[in-house]
Amino acid sequence: MEKEQSAFGLPFRVTRHWLSLAAEQLDACTRDARGVPCDPILAQALPSDAESHILPWELTDPLGEASHRQAPRLVRQYRSRLLVRTTGQCFMFCRHCFRRSLLPEETAFLDDSTMASIADMLRTHPELREVLLSGGDPLTAPAGRLEQLLHTVRSASETVLIRLCTRAPIVLPSIVDDQLLAILEHARPLHMVLQINHPLELHPDFLSRAERLLRSGIPLHSQTVLLRGINDNVDVLTSLFSELVKAGIHPYYLFQGDLAAGTSHFRVPLSRGLLLYDELRRELSGLELPRYAVDAPGGGGKIYLPEGVVRRDGDQWILRTPSGSLCEYPEEPEQY
Ligand code: SF4
């Protein structure tokens with residue numbers, strides 16, 4: 001890891017590999033009027049004064065995970081899925097992270113008693129069809145602990161699908177080595193979901209490691225966060241999604257920004273996001289087009305866009321959640 005210090009609650013941490021993707025040098029990076037780095041790679045990693053700008057409708061727990069908490073680190077919002085927050089550690093802390101206020105509370109990898117709780121839930125709830133391992137980044141765990149967790153899940157259920165959410169292969173490609181491949185292969189069926197936000201992140205080293213994952217029987221999917229000044233234009237997203245498909249990675253989601261405190265400078269107004277997605281639909285093939293979605297603020301689940309839009313009332317969008325209830329998402333002005 002390159003550097004670490006505190007900034008607005010979320011530490012600054014980045015890898016040398018990530019910095020090598022940037023066109024600008026860390027110490028000479030240019031910043032816009034908001035203080036946000038102009039380089040799309042550095043903007044995702046470097047703290048800026050804009051993070052101290054907290055809007056009244058922003059939330060520390062934007063997805064309302066606390067209200068679905070079953071046990072420490074275990075969240076069950078949907079009948080068939082169990083989310084495990086394995087750790088608060090990441091190889092890089094993304095400035096737009098929607099869990100940015102929660103990560104510092106959970107610095108260690110989950111303990112043996114939480115693993116026992118996971119096994120217990122899987123044994124007593126056969127309706128659970130999927131376990132999502134998230135964090136932080138599960139791949140920051142020592143190999144032995146990751147192996148123990150995967151073994152625990154697989155011993156409790158031979159059939160449950162494991163979804164491993166990580167940025168590690170993007171920010172530190174060398175993490176994908178023979179040892180990790182063997183551990184993951186042993187835990188199949190296991191799908192890996194990678195957050196990838198810009199074509200510059202598709203470094204040849206990452207692409208060759210992605211190929212090794214695919215050859216090991218680990219399907220790969222991408223999640224992209226729509227980020228202002230980083231990827232909020234059709235050309236960048238078209239290039240990203242078409243390159244992903246060529247690499248065998250399924251473009252899964254394009255996320256409208258969550259209302260995480262201190263991230264308004266990254267959010268694209270929903271009206272513009274909808275127009276952008278409309279253009280992408282015309283430009284991309286069905287294989288290349290991810291689903292555009294937003295999480296209902298404060299909980300309520302994932303809402304597909306534009307399908308979930310009911311109407312716009314002035315500066316509020318009225319959206320329909322998966323359960324049929326209505327929620328509000330603000331139409332925010334382009335800040336600054
Ligand atoms: S890797 Fe994921 S969990 Fe970690 S800071 Fe980035 S977005 Fe947040």
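Biologist: Which strand gives the most to the lining of the largest pocket?

Modeller: Happy to start there, and please keep in mind that this is a predicted model. The lining of the largest pocket is made of 50 residues, with F98, R99, S134, Q223 and F255 nearest the centre. The top contribution, 4 residues, comes from residues 74-78, which form strand β4.

Biologist: How do the residues of that lining divide by class?

Modeller: The pocket itself holds about 1,100 Å³ of space. Around that space, the lining residues split into 11 charged, 11 polar and 28 nonpolar.

Biologist: And where does the ligand sit?

Modeller: Let's look at its neighbours before the site. Within 4 Å of the ligand are C90, M92, F93, C94, C97, L103, G136, R167 and Q195. Sorted by class, that shell has 1 charged, 2 polar and 6 nonpolar residues. As for the site, the ligand is placed in the largest pocket.

Biologist: I see several cysteines there, such as C90, C94 and C97. How many disulfides does the structure hold?

Modeller: A disulfide covalently joins the sulfur atoms of two cysteines. Counting one here takes a pair of sulfurs within 2.5 Å. C29 does not qualify, because the closest cysteine sulfur, that of C38, is 7.6 Å away. For the whole structure, the number of disulfides is 0.

Biologist: Is C29 buried or exposed?

Modeller: The cut-off for buried is under 20% relative accessible area. C327, at 14%, falls below that cut-off and so counts as buried. C29 has 15%, so the word for C29 is buried.

Methods
Residues numbered from 1 in each chain as written. Predicted model: local features only at pLDDT ≥ 70, side-chain atom pairs only at ≥ 80, totals over all residues. Heavy atoms only, no water. 1 Å grid on protein atoms, 1.4 Å probe; cavity = no way out; pocket = protein on both sides within 12 Å on 5 of 7 lines; lining within 4 Å. Sits in = over half its atoms within 2 Å of the grid points. Nonpolar A, V, L, I, M, F, W, Y, C, P; charged D, E, K, R; others polar. Points joined across faces, edges and corners; volume = space filled by probe spheres on them. Helix = DSSP H or I, 4+ residues; strand = E, 2+ residues; numbered from the N terminus. Buried < 20%, exposed > 50% of the residue type's maximum accessible area, 1.4 Å probe, protein only.
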